[in-house]
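Q: I'd like to learn how to read a structure like this one. Can you walk me through a few features?

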Amino acid sequence: MPLFDVVFEGGGAKGSAFVGALEVLKQEGHNTRRLVGTSAGAITATLVAAGYTPEELLTAVNEKQPSGKPRFAAFMDRPVKADFTREHMDNSETMKALQEIHLPFGREAIINLLLDSGIYAQLFSFVECGGFFAGVNFRTWFAEKLAARGISATDTLSSAFTKTGVDLSVVASDTHDVEMLVLNHRTAPDCPVVWAVRMSMSIPFVWQEVLWQEEWGQYCGRRKTGSTVVDGGVLSNFPIRLIDERIPEIMGDTDPDGALNLGLLLDESLAVSNTSDTAAAPLSLEHLRPVQRVSRLIDTMMGAPDNAEIRQHKAEICRLPVKGYGTTEFSMSDQRLAALVEGGREAMKAHLASRQDLGTRALAAAGV
């Protein structure tokens, strides 16, 4: 059976469709070589690289909190006062506003009092940290999943590669230097895996931005300390060119023709069977109107990039139906989740059927 280099598109909660697609890919006896992902795609790619099977991924997406809500819903975690540093408070727009109205005393006390309000803490986080949610619960969950496969929270992209032997790349966006970051063991060897993925999934205005830390080392030999990094989908949500072209400084000397390309695209135009194609209520996050507006903008933004590459690689792309599902719909019902996963299964079956010459092409790629 041929090997696939796989690219996973970003798409937040819609990424659960990957599980069904991977399940069929495995059942048909196909294996993967290089893995590339953006945002939700980065999460899936990293867990696959760590050794998770499709069945184990399905268990993960079905996890529940003690309350019975999906565990993924906890990723929308309100920041609390302890999440903000003294520098955040002292240099905040709130402090500037309090200074403008010439309060003679008590500015710090007022900010502290305001931050005891969950809604204000979210607004403060949005203004000062670039997102309504802290992302702490995601890091906790993701570190837990990696630890179960022997990859610790302190493991870097380099040390994880040594442990797994899997060529993994995750895509993020540096808004300071205005460039796409392809994070892997070659380009950012000292960056922790957990933080690489946290940067890749930092949907603008939803989760707090990430500042590149000194101890994470350099990117492609260049200093990044202090750079603000957000979701890779801002610049490339579906970077299939990374596996199709020779880019030695980023992707090493691996021969692109040594495996077949497979793009897993979350297609907003394809309806999911056995569920309504009507979009879910935006976010359902305490009915904050700014959050709802941002959610609609995000769904639009994430679908726009990479259209030229998508057209070019049409035959190599498996289109997973996600119409009516929101990027931040982490609290979807069990029925909607099951339908989304099943849609991924059916899409992969159809895609593999359309590529019946896989064995012949694999032999040709190997020079046989």
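Predicted model: local features only at pLDDT ≥ 70, side-chain atom pairs only at ≥ 80, totals over all residues.

Q: Is Ser39 buried or exposed?

A: Ser39 is buried, because its relative accessible area is 2% and the cut-off for buried is under 20%. You'll find Ser39 in the loop between β2 (31-38) and α2 (40-50).

Q: How do I read a helix, say α15 (residues 334-354)?

A: An α-helix has 3.6 residues a turn, so residues three or four places apart point the same way. Now check the length: at 1.5 Å a residue, the 21 residues of α15 should span 30 Å, and the end C-alpha atoms are 31 Å apart, which agrees. Then look at what is buried in α15: the list includes Arg336, Leu340, Gly344, Ala347 and His351.

Q: Which residues does Thr94 touch, leaving out those up to four places away in sequence?

A: Thr94 touches Ile111, Leu114, Tyr120, Phe124 and Glu128. Thr94 belongs to helix α5 (residues 93-100), and it is buried, with a relative accessible area of 14%.

Q: What about strands? Which way do β4 and strand β10 (residues 228-231) run?

A: In a regular strand the side chains alternate between the two faces of the sheet. Here, β4 and β10 run antiparallel, joined by three bridges. Ala172, for one, has Asp231 in β10 as its bridge partner. Strand β7 (residues 210-211) also pairs with β10 in the antiparallel sense, over two bridges.

Q: How much space lies in the largest pocket?

A: Rolling a probe the size of a water molecule over the atoms shows where empty space is left. The largest pocket holds about 510 Å³. It is lined by 18 residues, and the closest to its centre are His88, Cys129, Gln208, Glu209 and Leu211.

Q: Which elements supply at least two residues each to that lining?

A: They are α4 (86-90), α7 (118-129), α8 (136-147), α10 (193-200) and β7. By class, the lining has six nonpolar, six polar and six charged residues.

Methods. Residues numbered from 1 in each chain as written. Heavy atoms only, no water. Helix = DSSP H or I, 4+ residues; strand = E, 2+ residues; numbered from the N terminus. Buried < 20%, exposed > 50% of the residue type's maximum accessible area, 1.4 Å probe, protein only. Expected span 1.5 Å × (residues − 1). Contact = heavy atoms within 4.5 Å. Pairing = 2+ DSSP bridges. 1 Å grid on protein atoms, 1.4 Å probe; cavity = no way out; pocket = protein on both sides within 12 Å on 5 of 7 lines; lining within 4 Å. Points joined across faces, edges and corners; volume = space filled by probe spheres on them. Nonpolar A, V, L, I, M, F, W, Y, C, P; charged D, E, K, R; others polar.
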